[in-house]
Amino acid sequence: MAQLTRRSLRLLRPTSAARLLTTTASTAPISIETSLPFTGHNIDPPSRTVETSPHELLTFYRDMALMRRMEIAADSLYKAKLIRGFCHLYDGQEAVAIGMEAAITRKDCIITAYRDHCLYLGRGGTLLEAFAELMGRSGGCSKGKGGSMHFYKKENGFYGGHGIVGAQIPLGCGLAFAQKYSKDENVTFTMYGDGAANQGQLFEALNMAALWNLPAILVCENNHYGMGTAEWRAAKSPSYFKRGDYVPGLKVDGMDALAVKQACKFAKEHALKNGPIILEMDTYRYHGHSMSDPGSTYRTRDEISGIRQERDPVERIRKLLLAHDLATEKEMKDTEKEVRKEVDEAIAKAKEIPAPDTSELFTNVYVKDFGLEAFGPDRKELRTVLP
Amino acid sequence: MAATILHGVGATTALSSINYNNSRRSLPERKRTSLVIQCDGSLSSGLNISNNRGAKLSTNAVATKQENVTASTTSKPGHELLLFEALREGLEEEMERDPHVCVMGEDVGHYGGSYKVTKGLADKYGDLRVLDTPIAENSFTGMGIGAAMTGLRPIVEGMNMGFLLLAFNQISNNCGMLHYTSGGQFKIPIVIRGPGGVGRQLGAEHSQRLESYFQSIPGIQMVACSTPYNAKGLMKAAIRSDNPVILFEHVLLYNLKERIPDEEYVLSLEEAEMVRPGKHVTVLTYSRMRYHVMQAAKTLVNKGYDPEVIDIRSLKPFDLHTIGNSVKKTHHVLIVEECMRTGGIGASLTASINEHFHDYLDAPIVCLSSQDVPTPYAGALEEWTVVQPAQIVAAVEQLCQ
């Protein structure tokens, strides 16, 4: 709970009714049932009843609203040509990021593919760093040299941020291997999408993780479309949680932050004792695959608006808050206004950060040097500079 | 001073790698011959380097005693071992020194390594530190890179360099680029090593030279070892380096025997080795071709030429300092390599030398490389795909006219 307070303090700005509400809200536990039961493969699913607290729910609401607003702002920035290249937006899937963060610590590692803006925020990244990186400014989390697909925050256990589909899965295996090597009782959440679930690397990694009992949790964020191809057109078996065969799997309603939290907590306990487990998060993205994809050529607008009405994660929390009398309509509206203001301020500040200096082109290619310098043995003294 | 080869090229036929896997303990009689290389580590006065590199090659890094280099390999009792044992020694010393160093690859653990480089290490350090991986190059290389992101120092062994083509995505995108795209947050202190090169009738797919494919990946360093002395030194330097290093070994060189110093030494990753100083022509080579060059050098010396032979060792970046000084002295350059003609290391080196030292050249650079063909199985054909000493002699004669 202390962790949540720290995180909310980072995301929040000074005095407002909503902030007072979250920080003074009680931490008394309340039990809520998830919307759908879990489905297990080779494992007994956890119970549908999730322990949470008013404080946690309010934080969920605020954080998800923040993420939603950030993605929509990124959309406008892209259309204004301030963000270039590829921009993959996460709105609709926020519950996965939020629920996961609630179940783990910063010592656990998360690694994901290119849809990483909200996960970065969840792991303690600031709005300013995110927008600066998206706009290619030097104050960004990767100094402007990574871009949308390369957000990292090493000290908080966020390992990115990878452009090639599926390549992060063996990396995640490696993170879990290092955790097992140092015996530090932490786990790695390796996230990938339904498109990446057809990569061979996944099965190679599953085999190795199961063979050596690595504390790896493979999370398939199934938003039902791999780029422009629907899952039923790309995969013979769309039950991604069953694909592990000997590795147990769990299917989770990815639009329900509490279900995600429960599943991640369950998975962490499992991974520490019994090795890898697959979590399939049944989620949806409102935007297209990236900003260059309208998102409507392979799915109907009715489908998108249907999901928005029935399964939207932010709406769900809002309804919960109203149902349990934890916040009023007005307070929630205020929170949203605050969040909007915060995002706008961050964008304004990020716009003022200059682009990286030209000398930055050659930094960080190698550790210590560009590779034009010859070091003595043991890399201690600089011998000469090669022409 | 020059490297002397006691047996001709014929001896290398004895060192067939494929025999090794099947008959580890019983090498046939004939095949007991081995190459003995005498190579004192000192750089001669041919190089004008102000920072006194000349005396320091073997005893520089962490040795506690300052030793006279010329004495180190000849009069001082070092110990004799084969190249794969030298690699193992370097590996073991580094694993002893730093608990973060671990090895992963196919058959490295219980089997002891398909070229015996990791023999005995699994018994000593356990199955997790010397990890037997399934045959999944892409993923276990990726796994090594992921582990390196957290601070471990893995050494990934490819059973044959050619198999690492499967891991190209991981090596190029993740290994080479993560330090840059994360703005310096992650460093990848990984070592990727394995044997490559043309062996004894191993077939096209098992005789590849991947240095040409890897050389443009930004962010990695590449080194090629050729003697037990530099194998051990480069292995240690590669492990200690915070950059990803690809260490190229050669299938036919694993059984070279040499006397190496007892005390600990680490070599510089970016430095070339002066094998034989001379004044007529600079011959640049690396890995197995070094021995073909040295054999040709014997013939050339008899014919009155004085070739300067440099083993470039560092394939990325090139040691243009040593090479430049040599070019300024001899004004003629011959590159002898095992890479393919198109887009190989020789091609890059030619471009690099032309760019930097054009004014010092009296003749165009000649580059002898392997033919642009898949390596055939038939022995005679295979011999013709790589550069033979006779061709080197002819090239030098032509160059020095």
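I began with a helix pair in chain A, where helix 6 passes helix 13 in a right-handed crossing. I note at the outset that the model I consulted is predicted.

**Entry 1. Helix 6 and helix 13 of chain A**

I looked up the extent of both helices: helix 6 covers residues 127–134 of chain A, and helix 13 covers residues 329–352 of chain A. Their axes come within 9 Å and cross at roughly 50°.

From helix 6 of chain A they are Leu127(A), Leu128(A), Phe131(A) and Ala132(A). From helix 13 of chain A they are Glu342(A), Val343(A), Ala346(A), Ile347(A), Lys349(A) and Ala350(A). Sorted by class, this contact has eight nonpolar residues, two charged residues and no polar ones.

**Entry 2. Helix 7 of chain A and helix 5 of chain B**

I turned next to a pair formed across two chains. The axes of helix 7 of chain A and helix 5 of chain B, the latter spanning residues 137–150, come within 6 Å and cross at roughly 50°. The two helices are therefore oblique to each other, and I recorded their crossing as right-handed.

On the chain A side, helix 7 contributes Pro170(A), Leu171(A), Cys173(A), Gly174(A), Leu175(A), Phe177(A) and Ala178(A). On the chain B side, the residues of helix 5 include Asn138(B), Ser139(B), Gly142(B), Met143(B) and Ile145(B). I counted by class here as well: the contact has 10 nonpolar and six polar residues, and no charged ones.

**Entry 3. Asn243(B)**

I located Asn243(B) in the loop between helix 9 (228–240) and strand 7 (245–250) of chain B. Is Asn243(B) buried or exposed? Its relative accessibility is 2%, and Asn243(B) counts as buried because the limit is under 20%.

I looked up two partners of its side chain. A polar atom of the Asn243(B) side chain lies 2.6 Å from the backbone nitrogen of Val367(A). Within chain B, the side chains of Asn243(B) and Gln221(B) are joined by a polar contact of 3.2 Å.

**Entry 4. Cis peptide bonds and positive phi angles**

I checked the backbone because most residues other than glycine have a negative phi, and most peptide bonds are trans.

The bond from Gly160(A) to Gly161(A) is cis, with omega near 10°. I placed Gly161(A) in the loop between helix 6 and helix 7 (168–181) of chain A. A cis bond also joins Lys316(B) and Pro317(B), with omega about 0°. Pro317(B) is found in the loop between strand 12 (314–316) and helix 11 (320–330) of chain B.

I also noted Asp107(B), which is not a glycine and yet has a positive phi of about 65°. Asp107(B) lies in the loop between strand 2 (101–105) and helix 4 (121–125) of chain B. With a relative accessible area of 32%, Asp107(B) is partly exposed.

Another residue with a positive phi is His331(B), for which I recorded a value near 70°. His331(B) sits in the loop between helix 11 and strand 13 (333–340) of chain B. How accessible is His331(B)? I found a relative accessibility of 25%, and His331(B) counts as partly exposed.

Conventions. Residues numbered from 1 in each chain as written. Chains lettered and ligands numbered in written order. Predicted model: local features only at pLDDT ≥ 70, side-chain atom pairs only at ≥ 80, totals over all residues. Heavy atoms only, no water. Helix = DSSP H or I, 4+ residues; strand = E, 2+ residues; numbered from the N terminus. Buried < 20%, exposed > 50% of the residue type's maximum accessible area, 1.4 Å probe, protein only. Polar contact = N/O pair within 3.5 Å; in protein donor to acceptor, adjacent residues only side chain to side chain. Axes fitted to C-alpha atoms, helices over the stretch in contact; angles between N-to-C directions. Left-handed = near helix turned anticlockwise from the far one by under 90°. Contact = heavy atoms within 4.5 Å. Nonpolar A, V, L, I, M, F, W, Y, C, P; charged D, E, K, R; others polar. Parallel < 35°, antiparallel > 145°, perpendicular 65-115°, else oblique.
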